[in-house]
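Please keep the sequence and the model in view.

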Amino acid sequence: MNVVLISTYDLGHQPFGLASPAAWLRERGHQVHCVDLAAGGLPSLLMRQAEVVAFYLPMHTAARLAVDAIDKVKRMNPQARLLAFGLYAPPNAEFLRSLGIDRVIGGEYERALADAVDGLVEVPAVSLERLPFRVPDRDGLPALARYSKLHINGTEKAVGYTEASRGCKHMCRHCPVVPVYQGTFRVVPSGVVLEDVRRLAAAGAQHITFGDPDFFNGPGHASKIVLALHEEFRQLTYDVTIKIEHLLRHRDMLPLLRETGCLLVTSAVESVEDVILEKLDKGHTRADFLEVVRLCRETGLALAPTFVPFTPWTTREGYRELLRVIAELGLMDDVAPIQLALRLLIPPGSLLLELPEMEQYLTGFDAAALLHRWKHPDPEMDRLAVETLRLVASEQKQGRSRRGIFASIWEAAHGAPPPENFDLLPRAAIPYMDEPWYC
Ligand code: SF4
């Protein structure tokens, strides 16, 4: 079977979500072509010859972009069978079917996708089975040089992306992982992960991003991998995503991360207001966040906090407080500006919909936008959110520094420029990815 796997957007990474199923499909004898629309267009001859086209939808932005891509593919090849897979496929199944998608597959998707390509009828929409993972096959994907880089000390590092686990054992209310994985996570065997890292290093990767929703869901598994990685590749650095709660609980592991080449820990802090953290069921408090900032500094690990600053519960004073905390902690250069402009996203199936109080904010489900719309009780807050997003987009386009954009955001929120005595580390000392969007 002639199969084309399409990724529309994957946070500036070479899409793991094409490489992993490609290995399964090639093993079953299919001709597989991988197309990354973030790095090029739709190759017309390939699309016309395709018998099956499968779209990878790992996140909201990717799913939105896929709507247009699906339409184009249908016009290029009306006979091709269309599939969609990844985190955002099952929650949007109905809408995707209305676009002509024949099957949606989520969770541990590789075997189910291969079965669907083979024409099996009984294919689960969400599979959480323990898969015998294959080493991702990156043949035919654009080179790593085409993707996002890690910047540190004035230099750039080529980044390879892999996953050591998937899903998550937590149930944060706003998280898109939860409706699909329901508190389950699956580990990828260390042998598979390390062989993938080996191949990425051979392809030029100088830094590895572990894209696990939470690297410390399985701390034993995580330490085994980073120890083996460092043993084999002394020069290779890496970054991980770990929740505040785990960074505190496993604080004794932070030196291990540092010693094995970890440069950056991303953590979904979301808010500095305990009342909002409780509504999101995040499992940490503002004080926990402050303690983690201290621990990371003490260990020499850069922390990249992410936020959901605009929620139905955010007040102007609360937003100002967030900016104040970031400034006082000297984190202005560690927080990607877009993180100060994001509005709470409520995808279909979100646990937030189970909060009775949400009713008063919701204004209806928008299938084409793949989300539930909501309004803040104070229209000024919605205006501030729109203004902040516009400001971030425009200043990023002009190449302004994070500190400069932070100052503009501060001014928009306060109606006055920030005080001049904020303490900052020099930009070059803080590692950061040049892909600014996380959603
Ligand atoms: S810890 Fe992270 S990945 Fe897990 S449910 Fe919470 S937000 Fe989602």
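1. A nonpolar core is a set of buried Ala, Val, Leu, Ile, Met, Phe, Trp, Tyr and Cys residues joined through C-beta atoms within 7 Å. Buried residues have 20 or more other C-beta atoms within 10 Å of their own, with C-beta atoms placed from the backbone. The model is predicted: local features need pLDDT of at least 70, side-chain atom pairs count only at pLDDT 80 or more, and totals for chains, interfaces and linings use all residues. Numbering starts from 1 along each chain as its sequence is written.

2. The largest nonpolar core holds 137 residues, of which Leu5, Leu57, Leu83, Phe85 and Leu113 touch the most other members. Helix 1 (residues 16-27) gives the most to this core, namely seven residues; helices (H or I, at least four residues) and strands (E, at least two) are DSSP runs numbered from the N terminus. Because domain 1 (2-127) and domain 2 (145-433) both give residues to the core, it lies between them; the domain bounds come from an automatic or database assignment.

3. Strand 12 (residues 237-241) is largely enclosed by the rest of the structure, because five of its five residues are buried. Thr237, Asp239 and Thr241 point one way, while Tyr238 and Val240 point the other way.

4. Strand 12 pairs in the parallel sense with strand 11 (residues 207-210) over three bridges; pairing requires at least two DSSP bridges between two strands. Thr209 has Asp239 of strand 12 as its bridge partner. Four bridges join strand 12 to strand 13 (residues 262-270), and these two run parallel. Val240 stands opposite Val265 in strand 13.

Key
Buried ≥ 20, exposed ≤ 12 C-beta atoms within 10 Å, placed from the backbone.
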